[in-house]
Structure formats: structure tokens, C-alpha cells
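Walk through this structure step by step, from the contact between chains down to single elements. Keep the viewer open as you read.

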Amino acid sequence: MSAASDLLRRLASLRLTVVLFALAMFVILAGTLAQTEEGVWSVVDRYFRSVYVSIPLRLFVPSKIAEIPGVVPFPGGLTLGVAIFVNLLAAHIVRFKLAWNRVGMIVTHAGVLLLLVGEFVTGAFAKEGNMTIAEGQTANYVEDMRASELAVIDASDPKDDLVVVVPGSMLASAGASPVASGLLPFTVRVVEWMPNSQILGPMQASKMQLAKATAGLGTQVAAIEIPAATGVDGASFDVPAAYIELTRDGASLGTYLVTPRLTIPQSVEAGGRRYQLSLRFERGYRPYTVTLVDFRHDRFVGTEVARNFSSLVRLNDAANSVDREVLISMNNPLRYSGETFYQASFAPDDSGTVLQVVRNPGWLLPYISCTMVTIGLLWHFGARLASGVRRRIS
Amino acid sequence: MKSLPRLFPAIVAICAIAFLGAALTRSFSAGDRARGVALEDIERLPVSAGGRTKPLDTFARSTLVRLGGRQTFEGGTPETGVGQRPATEWILELWTDPAAASERRVFRIDHPDVKSLLAITDTKRTRFSWKEIEPKLDEVVRQAELSQRVPRKQQDPFQKAVSDLYGKLAEYAEVRSLRTPYVVAPLAAGEEWAPLVSSDPHQQGAQRISDTAAARAFQAILVSYSTGDAAACERAVASYTAELHATLPREMNAGAFEVVFSRLEPFYQSSALYLLAFLLGCVGLLVSPISPDRWRPGLFRAALIVIGIAFVVQTFGIGARIYLQGRPPVTNLYSSAVFIGWACVPLALLGEWFSRVGILTLAASLIGFATLIIAHNLAASGDTMEMMQAVLDSNFWLATHVVVVTVGYSATFLAGFIAIFYVLGGVCTRLLRGEPMKALPKMTYGVICFAALASFVGTVLGGIWADQSWGRFWGWDPKENGAALIVLWNLLILHARWGGLIRDRGVAALAIFGNIVTAWSWFGTNMLGVGLHSYGFMDSAVFALAAFCVVQLALMAVAIVPMARWRSAS
């Protein structure tokens with residue numbers, strides 16, 4: 001027997017399958033428990049789409065009983081997914097035999113392979129963002145709620161704004177070293193970066209907290225750091241905040257508080273020009289616009305429980321001669337130009353809508369794979385059951 | 001005497017049907033009277049609470065359940081007889097004679113520190129009246145405010161208990177002041193359900209009393225009830241009812257049915273029958289060495305018939321809920337428990353038909369009984385037919401994804417329970433000698449195949465729903481992960497067996513572990529308090545879950561006993 005076929009036989013082993021299933025279950029369990037202290041997206045990246053993961057042992061024992069230190073290194077979801085894929089493929093290569101009583105299993109396993117591919121494609125290529133539109137307003141960009149950017153806007157040209165953005169990740173890792181660029185009218189030094197934050201109003205904030213900023217809105221309201229949103233909190237996401245000091249030619253222009261929670265941009269004067277400054281969620285602009293015509297939010301009588309939400313929007317894409325009204329509601333998304341718009345949430349006081357915008361080139365794969373697996377399993381087990389019934393009757 | 005074993009099943013069946021007949025008669029009988037007024041028509045009056053139109057009876061029952069964990073209250077007058085009285089009588093007393101009502105012991109308090117906070121010295125009693133609590137009301141409010149500064153998950157048992165008590169007191173006050181439920185029905189076009197009493201938006205602290213035709217009719221009922229004018233009260237009820245029938249016929253018919261449904265308590269009746277069937281089966285097992293051909297089949301046949309009757313009653317109950325809610329059978333944790341049991345029973349009986357070993361009859365009755373007990377304990381939020389959040393509001397997906405995935409959970413549990421019978425019966429007794437020792441592992445295996453199929457298809461349907469709703473086929477949400485664990489575990493068992501890594505004993509041990517996996521996915525993920533799927537809000541069940549897991553692990557240890565030591569091994 002050649003070394004290659006020997007290797008193939010080993011890779012095809014059912015023992016390996018069982019071990020891989022057990023490992024996968026452990027990672028899934030750990031990744032679920034981890035969501036009590038971490039956001040779901042960070043868990044997905046660290047546990048389910050990673051080559052390996054360090055699993056803290058404290059997850060498995062309630063902190064009320066004992067606080068256990070230490071971590072176990074473990075293969076991550078990506079490694080296990082690839083391993084299951086290889087194991088399954090090898091098994092069918094080694095044991096392939098076309099017979100009626102095996103068709104069910106072959107179809108099922110082909111479906112499973114496709115399911116793994118589908119999750120891989122989703123992990124690698126899917127993009128999700130939010131489109132927040134107030135009633136009567138128009139939006140032409142999608143915000144990525146998992147990334148932020150510092151935008152410096154020169155609005156002096158009446159026709160077009162000149163926008164320079166600094167990724168939030170660059171500010172987060174800047175530390176003491178200042179961020180400078182020829183495109184920016186000033187140098188940015190990060191005094192304090194908060195991955196997740198909360199705003200304290202003028203009456204809540206202490207004098208010391210208000211003194212952190214020397215200019216702009218930060219002199220009236222303050223930001224404090226709060227723990228990262230966990231998967232436990234549901235759909236919530238982190239809202240960063242930063243105190244940044246701006247300097248030009250060695251002279252300070254003041255320390256500003258910037259955060260997406262402040263919805264109005266702040267004005268900064270540098271070199272005789274006015275700039276608008278804001279930390280916002282990363283924007284991806286689209287060649288079309290969406291206008292919110294009407295937002296409806298019905299509740300059950302006498303309660304705050306939502307009965308349904310819906311957004312009537314006008315979709316306008318001049319380049320493709322599209323100008324129409326669409327009603328987006330729960331379980332009834334709009335699919336347009338490779339993206340899907342879902343009714344996700346709403347602005348406070350029902351003054352606007354939040355649409356989730358998803359682009360996933362692999363969205364159809366799970367549908368195909370699931371159909372295959374279902375048919376395959378029904379075929380396989382159905383045939384077994386039928387023969388059992390025949391035996392029982394005779 | 002010789003034919004007694006043969007007649008026995010028929011005798012048991014007649015008894016079971018007589019038991020049901022008695023319950024039915026009670027449900028349709030005229031019902032109780034209070035202050036000379038027939039309560040039945042008042043019980044049927046529709047009110048709106050939690051977004052749902054329901055009979056006053058249901059509202060009163062569910063309020064009492066939330067306050068004290070019971071659907072009735074201890075009270076009554078010498079004329080009506082003192083004892084457990086219907087909930088509607090309590091709510092009428094609360095609205096017409098609050099002083100008398102304040103002496104009813106409707107609040108359940110268990111925590112000793114809360115009792116001592118209320119200066120209650122009687123440590124054995126668990127039910128207390130508003131009057132007993134009132135002197136310490138300010139202290140309860142202060143303690144609750146202190147507790148609420150701590151996030152719910154970090155509160156200690158005392159803080160939780162005092163917050164709960166505060167919530168109950170607030171609810172009691174809301175109901176007493178007639179702000180909840182909404183009793184004013186929309187009789188004219190353009191009207192909506194409204195409370196009889198509400199805050200006046202124009203004047204701080206002032207109250208406004210609704211002045212529609214329905215509000216006046218409802219007040220007339222309360223006034224005549226409080227003055228003890230029974231004839232006037234019944235007239236007022238009759239005229240209001242007639243108007244309601246003209247404007248809200250569907251609500252009135254459903255309401256009348258719901259009152260009967262609440263009185264009949266079909267799930268209580270069927271749980272009693274499942275218990276009876278289980279006992280019959282146990283006796284059947286015990287007598288099998290003595291009378292294998294006569295009493296054993298007689299008892300098992302009787303058990304089977306009783307299970308059949310219980311199943312019909314349970315099916316009626318589920319059907320009634322579908323009619324009342326206009327929704328597929330599984331909408332919350334409570335209904336999932338009812339449904340899991342319901343789905344297990346025919347599966348187990350199908351297995352029984354294949355194997356003819358009797359054990360599966362036992363499994364069917366035990367699961368039917370146990371799941372109904374679990375459901376009963378999950379009904380503490382009162383009304384089990386609450387409205388669904390918008391995202392879950394889709395009958396198509398509730399009917400497909402939720403039902404199929406619940407059937408998958410059921411089958412995984414069933415496999416685990418068959419394995420428990422196999423292990424315990426095989427190791428500790430000689431009852432499984434011969435055919436059952438071969439048949440039970442086969443059944444376990446077959447049920448696992450079915451469980452793998454149903455849990456996979458159900459999970460995938462959930463993914464498709466998620467993709468339709470928010471564009472994410474798989475979001476790694478805890479409940480989704482729980483479902484994935486069940487699928488993987490079933491697949492692991494199947495592949496291990498196909499690979500020859502485990503045989504009968506191994507399949508049994510792993511199937512028992514499947515109980516832990518399923519219980520964790522069903523309840524544990526809700527305990528994390530996470531995600532869109534956490535339809536059930538749980539606090540105290542953690543201990544029960546942990547105990548269940550420990551028992552399962554112990555049973556797995558029993559399965560590891562070498563086959564030579566099994567008493568049923570030949």
C-alpha cells in the first residue's frame with residue numbers, strides 16, 4: 001500500500017470524525033459561554049472563524065463558585081471546519097461505491113460539504129451594516145457598527161465636501177504617538193480611547209470629567225468608559241469615544257471629545273479654515289439613495305411590546321433608472337443590487353428607522369445544501385424504516 | 001376470577017373515562033356564586049391585558065398565579081363556604097371591597113430575610129395579605145430601590161426576592177385601582193380598549209374615569225355587586241354581555257371557550273392519567289416474573305389504553321390553545337414543554353409497536369407526565385398565551401422551524417429515556433432478560449436516527465427564517481448553538497456506532513448524555529439570558545438543571561458496568 005493511500009485511509013477514519021465532532025461541540029459550548037462576557041462578533045472571530053483559540057477556563061465555572069485562572073489552547077472553528085471537510089471528502093473517496101442504498105448518504109454528505117463552504121464564504125465575504133434614516137430624510141451610505149472613523153470635513157466648497165477619515169482602529173492603537181498626515185489640517189494625539197462608552201449629561205458629569213476636554217461639546221458633556229457589550233445583551237454594539245488633542249505647528253487647538261453618540265459635528269478652526277470634526281461609524285457610500293417616507297411601529301394595546309415595524313422607503317438609483325417605493329417590514333426584506341435591506345430597529349420616539357444592510361454572496365448556498373441534506377436523510381432513514389416495518393409485519 | 005386480567009384493561013379504561021367525565025361535568029356546570037351572583041357570566045366578560053383580549057377569569061387567575069403561585073384564593077363567606085374560591089370572586093372583592101380583599105393571603109413570600117423585613121414571626125407560613133405587608137411598605141420600597149441599583153444578574157437571592165415582592169405589590173395596586181386590566185371594551189367604531197381609570201394628562205396626580213357606554217356598563221356591574229343587589233348585578237351583566245356579543249362576537253365565543261378550558265385543565269387531567277399509566281406499567285413489570293402471560297399483558301394493555309386517553313386529552317388541550325391563540329402549538333417555553341411530551345408519546349408507542357417489550361410504554365407515560373410537570377412549573381408568569389414579539393410573529397416559521405426543532409428535542413430526550421430504562425433495568429433487575437436486551441438498544445438507535453434528522457432539519461429551517469428576517473443564516477446566537485450541539489451530538493453517536501467504536505452499552509451511555517445536551521440547549525441557553533431566542537426568562541431553575549445533569553452522569557456511570565455484571569445479561 002502506498003504512503004498516499006495510507007494517509008487517505010487515516011484521514012477517512014470514522015474515529016477521526018467522532019473526535020472532530022466532540023472538539024467542535026466543545027468549541028461551540030465555549031463560544032456560547034464566552035458570550036456572557038464578550039460581544040457576539042468578537043466571539044465569532046475568536047472562536048468560530050479562527051485557526052486556534054485560547055479558551056479561558058473560568059467560562060466553565062460560575063464566578064460565584066470559584067474564579068479559575070488559566071487558558072486551554074484549542075483548535076478554532078476554521079481548523080475544525082476544514083478538518084471535517086477533509087475527513088468527509090476522504091471518506092467518500094476511500095469508500096465510494098454507487099449503490100441505491102448509499103445514494104441517501106452521498107447526497108447528505110455532499111450537502112454537508114456545501115454547508116461548510118457556505119459558512120466559509122459568509123465568514124470571508126459577507127458584509128453587514130446599518131442604514132439609519134430619519135423620517136423624510138435620505139441616506140446614501142451604510143454604517144459598519146463594528147468599526148469607527150474620525151472624519152474631518154472641509155465644507156468650504158459649496159458644491160462638494162472634502163472629507164478625510166482616520167480609521168478608529170488607528171486611533172485605538174496610536175497610544176502616545178500622534179497621528180499625522182499631509183491630508184489632515186492638524187495632528188491628532190489620542191489622550192484617551194474608550195472602546196465602549198456612555199455619555200454623561202451636564203448635570204451628571206463631575207467638574208473633573210468635564211475638564212478633560214478644553215474645547216467643543218466635551219466641555220458640556222463627558223464620556224466614560226463602560227464594559228464591552230456582550231452577546232448576552234442581544235443586538236447591542238460598542239460605541240467608542242475618544243478625547244483627542246489637535247495641534248497645528250506645535251500649537252494646541254484644544255482637546256475635543258469625539259464619539260458617535262454626539263450626532264452633531266463639532267467645528268474646529270485651523271489655519272484660517274473651518275473644519276467639521278466627528279467620530280462616526282465607518283461609512284460605505286452607495287451609488288443610490290434611500291428615502292424614508294413613513295415609519296410605522298404598532299404596539300399591542302396597553303403594552304410596550306412591538307406588534308410590528310415597517311418602513312416605507314423610496315429607492316432612487318438614477319444610473320439604473322430606478323425610482324420606486326418599497327415597504328420593508330419584519331420578515332419582508334428588500335433585495336436590491338446584491339444587498340438585502342431588513343427592518344432591524346428604530347430611532348428613539350419612532351422618529352426614524354434602522355435598516356440592516358447585508359451583502360452575502362454565499363446566501364443561497366445554505367438553502368441548496370439544506371435541501372440536499374434533508375432529502376438525503378429522508379431517503380436514507382426512510383429506507384431503513386421501511387425495511388424495519390416490512391420485517392415487523394412479516 | 002380467571003378472566004380478571006383480561007377484563008382489567010376495560011375496567012381501567014372505564015375508570016379513566018369516568019374521571020374525565022367528572023372533570024367535564026364540573027367544567028360545564030353552572031359554577032360558583034358569590035354574594036348571590038352567578039360568577040360564570042362575569043368570568044366571561046372580556047378584558048385586555050398584555051395586549052391580548054381574554055376573559056376576566058383568565059386575567060384574575062393569572063394575576064393570582066403571579067402573586068402567589070395559585071389560581072384560586074383562600075376566602076369566601078359563611079354562605080358560599082370558606083375554602084379555595086375562584087379567582088374572579090377575589091378580583092370582584094378587590095374592586096368593590098378593598099378592605100376585605102386586603103386581608104386575603106394572596107402574596108407568596110419564601111425568603112426568610114424578606115419575612116423578617118416585614119416583621120413576620122411565623123416562619124412556616126408562605127402566604128401573606130396586603131394588610132400584613134402594608135405597615136412595612138415604605139421599607140419594602142426602599143429595599144427594592146436599593147436592589148434595583150444592582151443589575152438583575154448580580155443580585156443576591158434577598159435582593160431578587162425583595163424586587164419580586166415590590167413588583168407584586170405594584171401589580172396588586174395597579175389592579176386594585178382598575179388601571180389594569182383594560183376593562184372598557186371598544187363598543188363603538190373608533191374606540192380602543194381602555195382602562196376604566198387612568199391618569200389625567202391635563203392635571204397632575206388627578207384621575208380620569210372613562211365615560212363610554214362600556215365603562216358605564218362595567219361600573220354598573222361593580223356598583224350593584226358591591227351593594228349586594230344580586231338581581232340588579234345579573235341584569236347589568238346580561239345587558240353588557242348582549243352588547244358585547246353584538247360587537248365582539250369572536251372574542252366573546254373564544255372567551256367562553258377559554259373559561260371552560262381553564263376549568264377543565266386538560267393538561268392537569270392528562271398528567272394525572274400519564275402518572276396512572278406509569279404506575280400500571282411499573283406494576284406490570286413487577287408481576288412479570290410471577291404472571292408473565294396473564295397479569296403482565298393485562299397491566300401493560302391497561303397502561304397503553306390510559307396513555308391513549310391521556311394523549312387524546314393532551315391533543316385536545318394543544319388544539320384548544322391553537323384555536324385560542326390563533327398560533328401554531330409552540331410559542332414559548334411553557335408550550336414547548338407541553339409539545340415535547342406530546343411528540344414523544346406517539347414516537348415511544350411506535351417504538352413499542354416495533355419492539356413489544358413494554359418498557360417503551362413506561363417511557364411514554366413517564367415523559368408525558370414529567371414534561372407536563374415541567375410545563376406547570378414554567379407557567380409562573382401567569383398567562384401562558386402571551387403575545388409574541390414582532391420578530392417572532394410569523395405563523396409559517398413558528399409552524400415549521402419551531403415545531404420540527406421541538407420534535408428533534410423530543411426525540412433526543414426519548415432516546416435518552418429509553419437508554420435509562422435499558423441501563424437501570426438491565427443492570428439492576430432481571431426483567432430485561434432475552435428479547436428486551438436486544439430490542440431496547442435497537443430502539444435507542446432508531447430514535448437517535450430520527451432525532452438527528454428532525455433536529456438537523458429544524459435547525460436549518462431556523463437558519464432560513466433568520467436569513468429571511470435579518471439576513472444572517474447563522475448568527476452563532478446561544479440558542480442556535482444549542483441546537484447545533486444537539487445535532488452534532490446525535491451525529492457523533494451515529495458515527496461512533498457506524499465506526500464500531502461503541503456498541504449497545506456505549507450508545508446507551510451517550511444517549512443518556514444527550515439528555516444533558518438537550519436540557520442545556522432547552523433551558524441552559526435561556527439561563528445565560530442571551531439573544532433573540534431567549535423567550536423564557538429563568539432564574540431559579542439553574543439548580544434543577546444542575547441536579548438533572550448530575551443524575552444523568554450517575555446513570556452514565558451505571559452504563560459503564562461491564563456486561564457480565566448486568567443482571568439481565570444472559
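How much area is buried between chain B and chain A, and what share of it do carbon and sulfur atoms give? The model is predicted. About 4,900 Å² is buried between the two chains. Carbon and sulfur atoms give 71% of that area. On the chain B side, 56 residues take part in the contact, and they meet 57 residues of chain A. The salt-bridge count between chain B and chain A is one. Arg472(B) pairs with Glu128(A) in a salt bridge, with 2.7 Å between the closest N and O atoms.

Now look within chain B. Two packed helices are described by the angle between their axes and the distance between the axes. For helix 14 (residues 295–325) and helix 15 (residues 333–355) of chain B, the axes come within 11 Å and cross at roughly 145°. The crossing is left-handed. Helix 14 of chain B brings residues including Leu304(B), Ile307(B), Phe311(B) and Arg321(B) to the contact. Helix 15 of chain B brings, among them, Val338(B), Phe339(B), Trp342(B) and Pro346(B). The residues of this contact split into 11 nonpolar, four polar and one charged.

Turn to chain A. Here an open sheet of three strands has the order 6-9-10, paired antiparallel. Strand 6 (187–194) and strand 10 (251–258) of chain A are at the edges with a single partner strand each, so one side of each has no neighbour in the sheet. Neighbouring strands are turned by 15° against each other on average, direction ignored. Strand 9 (residues 241–248) and strand 10 of chain A run antiparallel, joined by seven bridges. Tyr243(A) has Leu257(A) in strand 10 as its bridge partner.

Notes. Residues numbered from 1 in each chain as written. Chains lettered and ligands numbered in written order. Predicted model: local features only at pLDDT ≥ 70, side-chain atom pairs only at ≥ 80, totals over all residues. Heavy atoms only, no water. Axes fitted to C-alpha atoms, helices over the stretch in contact; angles between N-to-C directions. Helix = DSSP H or I, 4+ residues; strand = E, 2+ residues; numbered from the N terminus. Left-handed = near helix turned anticlockwise from the far one by under 90°. Contact = heavy atoms within 4.5 Å. Nonpolar A, V, L, I, M, F, W, Y, C, P; charged D, E, K, R; others polar. Pairing = 2+ DSSP bridges. Buried area = accessible area lost by both parts, 1.4 Å probe. Salt bridge = Lys/Arg side-chain N within 4 Å of Asp/Glu carboxyl O.
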